[in-house]
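I opened this model to look up a handful of local features. My notes follow in the order I took them.

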Amino acid sequence: MATCGRGCVPAVRFCQRLNRLKTLDDDLMVTSMKRCLTMVDLALLGVGGMVGSGLYVLTGTVAKDTAGPAVVLSFLIAGIASLMAALCYAEFGARVPRTGSAYMFTYVSCGEIWAFLIGWNVVLEYMIGGAAVARAWSGYLDSMFNHTIQNYTENHIMKWNVPYIAHYPDLLAAGILVVATIFITFGVRVSSWLNHIFSAVSLVVILFILVFGFVLADPVNWSQKEGGFAPFGVNGVMAGTATCFYAFVGFDVIAASSEEAKNPQRAIPMATAISLGMAATAYILVSTVLTLMVPWHSLDPNSALSDAFFRRGYSWAGYIVAVGSICAMNTVLLSNLFSLPRIVYAMAEDGLFFSFFAKVNPVTKVPVNAILVFGLLMAVMALIFDLEALVQFLSIGTLLAYTFVAASVIVLRFQPEKEKTSSKANSTTSPNSNPEPSPEVSESQIIAQDSGELKEYESFSDKLQLVEMQKTRERSAPGVLKARWEPYLGRMLGDFEPGEVVAFSVLAVMVSSVSLCAVFVFGSNQLQLPTWSIALLIVVFGSTFLLCLVIIYAHEPHVNTKTFQVPLVPFIPAASILMNVFLMLKLSPMTWIRFTVWVAAGLLVYFGYGIWHSKEGLREMQPKDMAARYVVLPSGSLVETVQSVQPNGQHDASTLHTTPSRSAEEQQAKR
């Protein structure tokens with residue numbers, strides 16, 4: 001530090017600005033939005049976000065091309081992997097009931113620039129996801145009428161021949177997005193009831209598929225005669241799992257709605273578990289029925305369920321399936337349009353995005369500007385872009401958000417509790433605060449904080465009791481090394497600040513996860529490494545990954561019985577990080593190039609606007625109250641006076657603790 005000199009100060013301050021954390025209000029339930037969503041509303045929002053076109057398209061595609069009937073296992077494993085990420089979202093949604101989802105969670109734990117980049121990428125994911133679903137909705141409906149709409153548009157309106165641009169403007173997809181955007185602006189209750197209607201129809205159709213499908217099921221289709229249950233082996237099951245994982249993307253709409261939930265501490269975790277359980281059950285049972293109705297190798301990937309009923313002689317059932325498919329896609333569309341404006345609103349409310357989007361309608365209590373602008377942008381994307389070009393952008397931002405949320409859970413679990421100072425108490429020193437004690441009066445201050453009054457302690461046994469109390473408190477504080485691990489790790493890790501070792505270990509977990517997954521994904525093909533070097537790298541990075549988890553586990557966690565907490569921390573979040581990183585590295589190079597371009601554009605927005613208008617930055621520039629403490633130590637007594645020094649120079653005596661002295665004359669003389 002001494003050799004760095006003054007030249008390092010601007011760089012350090014700049015890094016501190018980039019990594020400043022969001023300060024939460026004392027009362028997190030106070031909001032400009034309307035808290036009206038129940039647990040049922042949130043659960044149906046989650047089901048609607050997950051059970052969409054994937055149920056009608058993805059099941060047939062994975063079964064025929066990747067896993068065969070073992071697609072059932074692929075959905076089961078993918079559901080368990082999604083549960084790990086969902087639990088992390090549930091903890092944050094209950095602990096921080098604010099809109100913004102992954103953006104907000106990253107802001108309170110990792111830092112400002114990371115939160116902005118997460119929010120920036122999630123915004124793109126929602127825009128692309130909504131536009132892609134609208135294109136799929138339009139194409140599915142148009143196919144029911146022999147592509148009449150497409151033919152009319154190409155012949156009488158317009159036709160293009162441009163790469164990455166659709167061959168014709170999809171007016172139907174843009175139109176459905178505009179209509180849905182208008183409905184979303186009417187308020188959260190209207191959006192919720194629309195979702196209820198479409199979800200109810202979709203669930204009824206799923207129930208029809210299951211009942212009628214099991215009646216038509218033939219176990220021969222899983223026999224060796226048709227290729228067996230797992231014709232592609234374990235590799236096919238795991239490859240199918242990577243694809244099926246994306247079917248569960250959408251549960252984060254529950255966490256994004258936490259600011260509009262009536263009882264988020266209870267409703268968010270319950271709704272997350274219920275919705276994910278319902279979605280996983282639907283995917284597993286429907287894939288079971290589908291592969292039992294007809295041989296898996298004869299499925300039509302584009303319309304597997306409708307074609308399966310048609311081939312069994314029940315073509316009329318295909319129309320019921322079509323109705324269910326359209327309703328399911330409507331719920332996904334509403335989910336995207338519901339979540340996207342709220343993340344934009346959260347970023348604008350914090351000053352990191354344009355303040356125009358922070359406006360909340362006083363009647364409907366929704367961010368109307370963000371809804372209209374981004375709804376129309378989504379409609380424009382659906383109008384001109386091809387579905388395949390849109391889908392290539394998907395997933396990377398969502399997986400990155402899952403990774404940061406899982407890391408944030410570990411960081412906050414082992415982070416010391418921060419002191420909260422309400423706005424009313426800025427001018428006074430709260431009795432619950434825990435200022436840095438001076439060496440001379442540390443014991444007396446501890447006793448004052450424990451009992452609420454200052455007492456006289458003169459005996460040697462009392463001094464020993466104070467020391468033991470202080471040691472016990474320090475050992476049980478979050479982020480410090482557990483007592484049973486001190487003989488092994490105390491010399492190496494005992495001198496760090498509480499939570500500091502955990503933060504570095506989480507960073508090492510993420511780096512080792514990337515390295516380990518890179519060896520698995522690129523080691524034998526792209527890098528062409530010999531077998532012995534691949535094995536060595538796996539051992540090195542795997543050991544580092546596990547060692548970091550052991551070091552994190554060796555520290556005291558923060559126990560909160562008031563809200564839901566992820567079990568088995570840090571192991572469940574670490575497993576989620578590993579899974580997300582693996583799936584990100586499996587994406588195409590072009591996706592990473594587009595991701596890099598989008599991140600660069602986001603950095604321009606942040607350094608051009610966000611960093612200068614950040615409310616956390618403005619809060620740091622405000623003058624802070626200064627506290628002056630005066631301690632008098634007469635023989636056998638302690639008099640402590642705490643005063644608050646206001647910025648205008650006025651002094652306000654806020655706290656006065658006086659212990660009776662041996663005589664009033666001695667105390668007066670000391671004054």
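Predicted model: local features only at pLDDT ≥ 70, side-chain atom pairs only at ≥ 80, totals over all residues.

**Entry 1: a serine in α4**

I began with Ser 74. Setting aside neighbours within four places in sequence, I found Ser 74 in contact with Ala 67, Gly 236, Val 237, Gly 240, Thr 241 and Cys 244. Ser 74 belongs to helix α4. Is Ser 74 buried or exposed? Its relative accessible area is 0%, so I noted Ser 74 as buried.

**Entry 2: the whole chain**

I stepped back to the totals. The protein chain holds 26 helices and 3 strands. It has 671 residues, and buried residues make up 50% of them. I also checked sequence separation in the contacts. Among contacts in the chain with a separation of 6 or more, 79% come from residues 24 or more positions apart.

**Entry 3: Ile 320**

Next I looked up Ile 320, which sits in helix α14, residues 316-349. The relative accessibility of Ile 320 is 29%, and I logged this residue as partly exposed. The cut-offs explain the label, because buried needs under 20% and exposed needs over 50%.

What does Ile 320 touch, residues up to four places away in sequence not counted? I found Val 205 and Phe 208. I also took one distance. Ile 320 and Ser 306 are 14 residues apart in sequence, and their C-alpha atoms are 8.7 Å apart in space.

**Entry 4: two helix pairs**

I took α8 and α15 as a pair. Helix α8 covers residues 171-184 and helix α15 covers residues 368-384. Their axes are 8 Å apart, and the packing angle is about 170 degrees. The crossing of α8 past α15 is right-handed. On the α8 side, the contact is made by Leu 171, Ala 173, Ala 174, Leu 177, Val 178, Thr 181 and Ile 184. On the α15 side, I listed Ile 371, Leu 372, Gly 375, Leu 376, Met 378, Ala 379, Ala 382 and Leu 383.

Then I turned to α9 (residues 188-215) and α12 (residues 264-293). At what angle do α9 and α12 pack? I read about 35 degrees, with the axes 9 Å apart. Here α9 passes α12 in a left-handed crossing. From α9, the residues that meet α12 are Leu 203, Ile 206, Ile 209, Leu 210, Gly 213 and Phe 214. They meet Met 278, Ala 282, Leu 285, Val 286, Thr 288, Val 289 and Met 293 in α12.

**Entry 5: aromatic rings**

I then went through the rings. Rings of Phe, Tyr and Trp pair if their centres lie within 6.5 Å. By this rule I have 34 aromatic pairs. I worked through one of them, Phe 116 with Trp 120. The ring centres are 5.9 Å apart and the planes lie at 15 degrees, so the pair is stacked. Why are Phe 116 and Trp 120 separated by about one helical turn? Because they are 4 residues apart in helix α6, residues 112-144. I marked both Phe 116 and Trp 120 as buried.

**Entry 6: charges over rings**

I noted two cases. Arg 342 lies over the face of Phe 338, at 3.8 Å from the ring centre. Lys 482 lies over the face of Tyr 553, at 4.2 Å from the ring centre.

I finished with the loops. Which residues does a cis peptide bond join? I found Val 569 and Pro 570, with omega about 15 degrees. Pro 570 is in the loop between α22 (531-553) and α23 (571-585). Leu 568 is in the loop between α22 and α23 as well. Leu 568 is not a glycine, yet its phi is positive, near 55 degrees. With a relative accessible area of 60%, Leu 568 is exposed.

Ser 101 also has a positive phi, near 50 degrees. I placed Ser 101 in the loop between α4 (71-95) and α5 (102-107).

Conventions:
Residues numbered from 1 in each chain as written. Heavy atoms only, no water. Phe/Tyr/Trp six-rings, centres within 6.5 Å; stacked < 30°, edge-to-face > 60°. Buried < 20%, exposed > 50% of the residue type's maximum accessible area, 1.4 Å probe, protein only. Lys NZ or Arg CZ within 6 Å of the ring centre and 35° of its normal. Axes fitted to C-alpha atoms, helices over the stretch in contact; angles between N-to-C directions. Left-handed = near helix turned anticlockwise from the far one by under 90°. Contact = heavy atoms within 4.5 Å.
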